[in-house]
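Hi,

Here is the structure I promised to pass on.

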Amino acid sequence: VTHSIPACIGSMTINGKQLDNESPVSIFAVNKCYETVQDGTFFDGSGFAALVREGYKVRSDVNITLEFRTTAVHGVLLGVSSAKVDAIGLEIVHGKVLFHVNNGAGRITAAYEPRGTNSLCDGKWHKLQANKSKHGISLIIDGNLVHTDNPYIQSTSADTNNPIYVGGYPADVKQNCLTSKSSFRGCLRNLVLTKGQHTELFDFSRAFDLRGVFPHSCPGAEQ
């Protein structure tokens with residue numbers, strides 16, 4: 001077993017003596033337990049999760065689905081970039097969800113703007129689907145579809161080779177399709193990336209780098 005248990009542990013005794021878990025000698029990647037818990041991964045607004053160490057290749061087609069819950073009007077959801085300009089990015093900016101794609105010829109953006117600034121940042125779960133199919137991109141939020149025209153129809157492949165960063169990214173990492181540096185604060189669940197017939201559900205507890213992220217533990221309300 002190489003990864004930690006996604007659980008709460010309490011009232012542990014050894015040889016009849018109760019351990020004091022309020023003041024441990026050392027602690028690493030252990031969060032408090034919540035009285036009410038939902039499925040999901042909690043992002044505390046300070047860090048990120050890094051997936052696919054060897055690099056994720058978006059190329060011509062990718063479909064991204066996830067659910068998010070937040071009360072913050074700014075935050076990075078997901079970014080995959082390259083050493084060049086090719087990249088994709090998902091972010092919340094001023095309460096709007098933006099899906100950026102650069103296939104090498106220039107960045108294009110599909111933007112979903114809710115009626116009220118806080119209507120997506122109301123602490124409730126919202127479903128997101130972002131689709132890149134060659135030069136076409138679309139965004140579906142809670143069933144509402146947004147298309148955008150792409151003037152660069154000859155450029156169809158985002159040749160990315162960097163990890164997938166979720167909820168933020170390190171200061172020394174370049175992200176060509178994200179405008180925000182704000183780490184996401186809230187909960188994410190059911191992150192799935194689909195390419196053709198290959199569908200991959202990402203487990204945050206298996207990320208190769210986690211900072212300020214607590215897999216499988218989402219507080220039932222802001223705590």
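This is a predicted model: local features need pLDDT of at least 70, side-chain atom pairs count only at pLDDT 80 or more; totals for chains, interfaces and linings use all residues.

Residues are numbered from 1 along each chain as its sequence is written, and side-chain values use heavy atoms, with hydrogens and water left out.

Back to threonine 70: you'll find this residue in the loop between E5 and strand E6 (75-80). (Strands are DSSP runs of at least two residues, and helices, H or I, of at least four, numbered from the N terminus.) A polar atom of the threonine 70 side chain lies 2.6 Å from the backbone oxygen of arginine 185. Leaving out residues up to four places away in sequence, threonine 70 touches Ile92, Leu120, Cys121, Asp122, Gly123, Phe184, Arg185 and Gly186 (contact means heavy atoms within 4.5 Å).

**Salt bridges**

How many salt bridges are there? The count is three, taking a salt bridge as a side-chain nitrogen of Lys or Arg within 4 Å of a carboxyl oxygen of Asp or Glu.

- Arginine 189 pairs with glutamate 67, with the closest N and O atoms 3.2 Å apart. This pair links distant parts of the chain, 122 residues apart: arginine 189 sits in strand E14 (residues 185-195) and glutamate 67 in strand E5 (residues 61-69). Arginine 189 is partly exposed because its relative accessible area is 23%, whereas glutamate 67, at 16%, is buried.
- Aspartate 203 pairs with arginine 206, the closest N and O atoms being 3.7 Å apart. Aspartate 203 has 27% relative accessibility, so it counts as partly exposed; arginine 206, at 59%, is exposed.
- Aspartate 209 pairs with arginine 211, and here the closest N and O atoms are 2.9 Å apart. Aspartate 209 is partly exposed at 21%, and so is arginine 211 at 42%.

**A nonpolar patch**

Ile5, Ile9, Met12, Ile14 and Leu19 make a nonpolar surface patch of about 500 Å². Patches take residues with over 30% relative accessible area and no salt bridge, joining like charges within 9 Å and nonpolar side chains (Val, Leu, Ile, Met, Phe, Trp, Tyr) within 5 Å; the areas come from the Shrake-Rupley method with a 1.4 Å probe, and for residues only the protein chains shown count as cover. Isoleucine 9 is in the segment before strand E1 (13-14) and counts as exposed because its relative accessibility is 54%.

Cheers

Terms used:
Buried means under 20% relative accessible area, exposed over 50%, partly exposed in between (1.4 Å probe, protein chains only). A polar contact is a pair of N or O atoms within 3.5 Å; within protein, one must be able to donate a hydrogen and the other to accept it, and residues adjacent in sequence count only if both atoms are side-chain atoms.
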